[in-house]
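Here is a friendly walk through one model, going from strands to helices and loops. Take a look at the sequence and the structure before reading on.

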Amino acid sequence: MSGRIHNEGFRSKLMSAEDAAALVENGWNIGFSGFTGAGYPKEFPKALAARIEAAHEKGEEFRIGMWTGASTAPELDGALARTGGVAFRAPYQSDPEMRTAINKGITNYCDIHLSHMGLQVSQGFLGPLHLAVVEATAITEDGDIVPSSSVGLNRTYLEQADKVIIEVNSWQSEDLFGMHDVYYPIGVLPPNRGALPITSTGDRIGDKVLKVDADKVVAVVETNAADRNTPFKPLDDDSRAIAGYLLDFLTNEVKHGRLPENLLPLQSGVGNIANAVLAGLLEGPFENLTSYTEVIQDGMVDLIDAGKVTVASGTAFSLSPEAAERMNEKARFYRDHIILRPMDVSNHPEVIRRMGVIACNGMIEADIYGNVNSTHVMGSRMMNGIGGSGDFTRNGYFSSFVTPSTAKGGAISAIVPMVSHVDHTEHDVDVIITEQGLADLRGLAPRQRAQAIIENCAHPDFKEPLREYVKLAATKANGQQTPHDLATALNWHVRFLETGSMK
């Protein structure tokens with residue numbers, strides 16, 4: 001045994017992942033820990049996938065509902081998706097196998113704002129929760145769970161589940177103990193819910209551990225397996241340009257007195273470009289920064305190491321293998337600068353609004369009026385999901401979206417006449433940035449936004465077609481507030497489907 005299980009009652013429930021998987025019944029809804037490839041169970045899902053496949057080979061029905069914090073890893077999302085046994089998935093995923101199952105209609109997918117997921121689970125909108133499977137760094141003598149590299153929705157799943165399986169992972173650093181801040185009153189339903197008592201990024205308002213009803217725990221599984229830690233792509237010219245435009249924008253906001261010199265708390269979405277923006281801050285002029293965000297990425301850890309960021313609050317890590325190794329080695333240091341919270345606290349709309357969080361997220365495409373699609377390819381195919389970007393976009397001090405101006409080797413424009421799917425409306429989008437430039441949309445009417453986005457953000461190969469669309473729409477539209485010619489806008493996307501290029 002690893003020695004991480006300090007409670008005799010829980011030690012008596014140790015069993016193999018295969019024996020634990022044998023406890024699951026067809027039709028169960030299972031709440032898994034895990035958020036952006038951090039803190040998810042490693043052994044149990046593979047054993048459950050094998051059990052589902054064995055049932056299918058016998059011609060038996062065996063499907064489950066799968067709830068998580070956010071995206072997980074091939075050992076969880078991928079392994080279960082390949083079985084064809086996931087009937088339902090929520091709230092966010094990024095696994096290729098799961099994406100295929102969703103887009104083939106094998107798996108029903110509910111794309112839920114992360115700040116809403118806990119409430120929907122607690123109120124039973126997703127059905128009963130039969131089982132929670134949660135990764136732990138350790139189990140204390142008192143029978144509490146020390147969280148690992150994510151918190152996500154673990155508190156809610158442990159509260160709501162009929163049964164619980166704990167997977168204790170000795171790969172996770174024991175020095176993570178004390179990094180977490182698990183707030184329980186947030187789980188109280190309206191009208192009895194009080195105000196969330198966070199007034200600054202570094203406030204700690206909860207417990208270091210997760211509470212669990214020992215009578216609900218049916219199994220404890222041990223593992224020593226690393227998180228899915230994916231390397232970030234090296235910074236390229238486009239990423240540097242996007243980061244540069246955002247830093248210039250922030251500098252100008254400080255100059256005009258709209259931001260303090262140390263800015264406001266920063267939120268950064270997941271991905272290479274968002275991480276590049278953080279790298280840009282490393283070289284920028286800003287000091288004593290804070291971050292109130294979802295995920296702690298490499299760039300944020302670098303900013304902490306450099307003394308640029310004093311405290312970062314999130315719900316999970318999203319690190320490269322090198323940064324994960326550094327986190328494990330120096331967790332005792334980082335727990336003084338990083339707070340991991342439940343995701344309905346890290347993404348709490350009222351806190352985001354009150355503290356004035358500066359939001360920066362990625363997108364698939366934006367249209368000329370400022371509507372953003374961050375989830376669907378060509379309107380129908382799910383990519384990953386909205387995640388928490390909506391929580392920060394709608395409620396932030398201002399919201400920015402970043403992307404290269406083209407995709408598919410330049411064949412497709414990220415700036416289009418009309419997005420094929422709307423996740424963030426023009427009312428919530430303040431700034432759009434590509435490697436071509438930055439469009440500040442605040443205070444602009446739709447036709448003014450169109451001019452700013454085309455001239456500043458569109459790739460030169462697509463500027464003229466977009467200008468022509470604006471002229472055509474103005475002559476055909478039945479109103480001039482937001483001129484559109486629907487047939488032409490639709491054909492913009494159809495042309496890519498038919499030819500593979502918008503050029």
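Is Ile166 buried or exposed? Ile166 is buried, with a relative accessible area of 0%; here buried means under 20% relative accessible area, exposed means over 50%, and partly exposed lies in between, using a 1.4 Å probe and protein chains only. Before going further, please keep in mind that this is a predicted model, in which local features need pLDDT of at least 70, side-chain atom pairs count only at pLDDT 80 or more, and totals for chains, interfaces and linings use all residues. Residues are numbered from 1 along each chain as its sequence is written, and side-chain values use heavy atoms, with hydrogens and water left out.

**Around Ile166 and strand β7**

Ile166 sits in strand β7. Helices (H or I, at least four residues) and strands (E, at least two) are DSSP runs numbered from the N terminus. Leaving aside residues up to four places away in sequence, Ile166 touches Phe10, Val134, Ala136, Ile139, Ile145, Val217, Ala219, Val220 and Val221, where contact means heavy atoms within 4.5 Å. Ala411, by comparison, is 245 residues from Ile166 in sequence and 48 Å from Ile166 in space, C-alpha to C-alpha.

In general, strands of a sheet pair through backbone hydrogen bonds, either parallel or antiparallel. Two strands are taken to pair if DSSP finds at least two bridges between them. Strand β5 (residues 131-139) pairs with β7 in the parallel sense over five bridges, and Ala132 stands opposite Val164 in β7. β7 also pairs with β8 in the parallel sense, over six bridges; Glu167 has Val221 in β8 as its bridge partner.

**Other strands**

Strand β1 (residues 29-32) and β2 run parallel, joined by three bridges. One of the pairings places Gly31 with Trp67 in β2. Within strand β2 (residues 64-67), Ile64 and Met66 point one way while Gly65 and Trp67 point the other way, and all are buried.

An open sheet of three strands has the order β17-β16-β23, with mixed pairing. β17 (372-373) and β23 (415-416) stand at the edges with a single partner strand each, so one side of each is left without a neighbour in the sheet. Strand β16 (residues 365-367) and β17 run antiparallel, joined by two bridges, and Glu365 has Asn373 in β17 as its bridge partner.

**Two helix pairs**

Two packed helices are described by the angle between their axes and the distance between the axes. The axes are lines fitted to C-alpha atoms, for helices over the stretch in contact, and the angles run from 0 to 180 degrees between N-to-C directions.

| Helix pair | Angle | Axis distance |
|---|---|---|
| α8 (residues 237-255) and α9 (residues 272-283) | about 55° | 8 Å |
| α16 (residues 446-457) and α17 (residues 460-476) | about 170° | 10 Å |

Angles under 35 degrees count as roughly parallel, over 145 as roughly antiparallel, 65 to 115 as roughly perpendicular and the rest as oblique. α8 and α9 are therefore oblique to each other. In their contact, Ser239, Ile242, Ala243, Leu246 and Leu247 of α8 meet Ile273, Ala276, Val277, Gly280 and Leu281 of α9. By class, this contact of α8 with α9 has eight nonpolar, two polar and no charged residues; Ala, Val, Leu, Ile, Met, Phe, Trp, Tyr, Cys and Pro count as nonpolar, Asp, Glu, Lys and Arg as charged, and the others, Gly among them, as polar.

α16 and α17, in turn, are roughly antiparallel to each other. Ile454, Glu455 and Asn456 in α16 meet Lys463, Leu466, Arg467 and Val470 in α17. The contact of α16 with α17 has three nonpolar, one polar and three charged residues by class.

**A covered helix and a loop glycine**

Why is helix α10 (residues 298-305) described as largely enclosed by the rest of the structure? Six of the eight residues of α10 are buried, namely Asp298, Gly299, Met300, Val301, Leu303 and Ile304. Just after α10, Gly307 takes a positive phi of about 80°.

Gly206 lies in the loop between β7 (163-169) and β8 (217-223). Gly206 is partly exposed, with a relative accessible area of 33%. Not counting residues up to four places away in sequence, Gly206 touches Asp181, Val182 and Tyr183. The C-alpha atoms of Gly206 and Arg341 are separated by 8.8 Å, with the two residues 135 residues apart along the chain.
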